[in-house]
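Student: I have a structure to go through. Could we look at it together, starting with how its parts are held to one another?

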Protein chains: 2
Amino acid sequence: MKPTAIYSIPEMRKVVRSSKGTIGFVPTMGFLHDGHLSLVKEARKKADVVVVSIFVNPTQFSPNEDLQSYPRDAEKDLAALARVGADYVFFPTNEMMYPADYKTWVTVDELTSVLCGKTRTIHFRGVTTVVTKLMHIIDPDFMFMGEKDFQQLKVLQQMGRDLNFRTEIIGCPLIREKDGLAMSSRNVYLSADEREKALCLNRSLRLAQQLFAEGSEETKNIVSQMQDLIEAAGGKIDYIEIVDPETLQSIPVAHADSKVMLAVYMGKTRLIDNMCISK
Amino acid sequence: MKPTAIYSIPEMRKVVRSSKGTIGFVPTMGFLHDGHLSLVKEARKKADVVVVSIFVNPTQFSPNEDLQSYPRDAEKDLAALARVGADYVFFPTNEMMYPADYKTWVTVDELTSVLCGKTRTIHFRGVTTVVTKLMHIIDPDFMFMGEKDFQQLKVLQQMGRDLNFRTEIIGCPLIREKDGLAMSSRNVYLSADEREKALCLNRSLRLAQQLFAEGSEETKNIVSQMQDLIEAAGGKIDYIEIVDPETLQSIPVAHADSKVMLAVYMGKTRLIDNMCISK
């Protein structure tokens, strides 16, 4: 059954406040792929009512980024959500989310100044602010986020704890295409050639795992070999770092729970990916 | 009947989630006076369950301010709250509100950089952050704030709208001592001599009203005469401004709804007060 599409904040509030049982929430920017749908399936398992938001949030894009070209397909998204059984899809507009006199921001220190935060300087402020707003409108018991955006997940979990949100923020596994490319709405930007070469991201992460399994622990050495692999495939590296999964700080010596994090440009398209070094 | 004192966040959550009807919330820093109690009475009228928090919030004090000396008297506060009929009093600790790895802040632009925000640079960030936390813990239908802290009220109402809090934030009239001094927990800092001289704040505000009633509209002229009155009484002016009550921006020509806002040091004690210019 097709989910009910909701286009206003008061209507969204009314629906969740009058519904019975627990609420599971999946915030998205739409153009849904199987990664998103895996979150909705998880919400379906855990909550009585499943709400998905589709909103390309302007405040998380810098002026030089791809806000205008970000892919959109509401009809296809609704059809996909019908298959996995979402109850409500919330489509707020820029005007209702950020009226002319908008002035308020939620920020998280430290976790947002590393990795993607180094170049995407306003990105996480936009994410934490819009998710705060959506959580206030939807008041979910559970919110589901993909580990593809691992830094985002950690930032939002920190925010949730710090600000005493009642919502449990649940990270779900990154989903890959059959050939290993991490699913992302931005993969649609890739030319056939770039799409092929983009496999180097996943390959470099598996190389890191292999090196660690073989006894390499010095992260400088592991990163350097990943770099060579990616550059040989034509990728332009934004960052490759091996970090502590809680602090997101780079570490000199890898541990079993260390996360390998990377952002790489294939042509003009910036892709991110990550993997635990030991599994 | 004495209200129930609550000392932990999970316990506070449990109490409000299991209570029936609407929740009215009055956030305070304790050392309660009749201004605070008027808010509790208003909450009692409007809500089924009344929760008062008492927390001297460290993040709204700069290092050079009076966090350590801020007056405290929990027993007297509980007795006063028993008289006006609060149901629950929440006493969080610094440690539970700001654990060691605390990283998240809520900020409001523009409204916080004028008036008190010019000298108290981190003050409003601390206020908006702690009130966000308290609203998440208590989930009130209504929150009651005094107009004594008019800028704070406006900042929090902006935050409430911007972040889609479901809570209605209600401003209540400033309460004065019989001789006209605005009630404040900080009045206890004043020596007998300073206490007497501090009446110049209220007098200067009434002078502004009188000048406006007599036809003065140029704010520069009104402020200048207030200045003379306060300085003659030995007050050291932080600011006197006549502002638009919505934007809090200084205006050159006063209107009937303009607010006269001031902060004045009497000795070492910083006092604030405000009045609508026309009533």
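Student: How many salt bridges are there across the interface of domain 1 of chain A and domain 2 of chain A?
Tutor: The rule finds 4 salt bridges across that interface, a salt bridge being a side-chain nitrogen of Lys or Arg within 4 Å of a carboxyl oxygen of Asp or Glu. Please note that this is a predicted model, in which local features need pLDDT of at least 70, side-chain atom pairs count only at pLDDT 80 or more, and totals for chains, interfaces and linings use all residues. Residues are numbered from 1 along each chain as its sequence is written, chains are lettered from A and ligands numbered from 1 in the order in which they are written, and side-chain values use heavy atoms, with hydrogens and water left out.

Student: Which residue forms a salt bridge with D66(A)?
Tutor: D66(A) is bridged to R186(A), with the closest N and O atoms 2.8 Å apart.

Student: Where are the domain bounds in chain A?
Tutor: Domain 1 covers 4-172 and domain 2 covers 185-277; the bounds come from an automatic or database domain assignment. Their centres, taken over C-alpha atoms, are separated by 26 Å.

Student: How much area do domain 1 of chain A and domain 2 of chain A bury between them?
Tutor: About 1,800 Å², of which 56% is on carbon and sulfur atoms. Buried area here is the accessible area (1.4 Å probe) that two parts lose on being put together, summed over both. On the side of domain 1 of chain A, L115(A), K148(A) and F150(A) lose the most area to domain 2 of chain A, together 32% of what that side buries.

Student: Changing topic, what rotation superposes chain A on chain B?
Tutor: A rotation of 180° with 0.0 Å of shift along its axis does so, at an RMSD of 0.0 Å. The two copies are thus related as by a two-fold rotation axis. The superposition is by least squares on the C-alpha atoms of residues with pLDDT of at least 70 in both.

Student: Which residue of chain A comes closest to the rotation axis?
Tutor: V106(A), whose C-alpha lies at 2.3 Å.

Student: And aromatic pairs: how many over all chains?
Tutor: The search finds 12. Rings of Phe, Tyr and Trp (its six-membered ring) pair if their centres lie within 6.5 Å; planes under 30 degrees apart count as stacked, over 60 as edge-to-face and the rest as tilted.

Student: Why is the pair of Y98(B) and Y102(B) edge-to-face?
Tutor: Their planes stand at 80°, with ring centres 5.0 Å apart, so the pair is edge-to-face.
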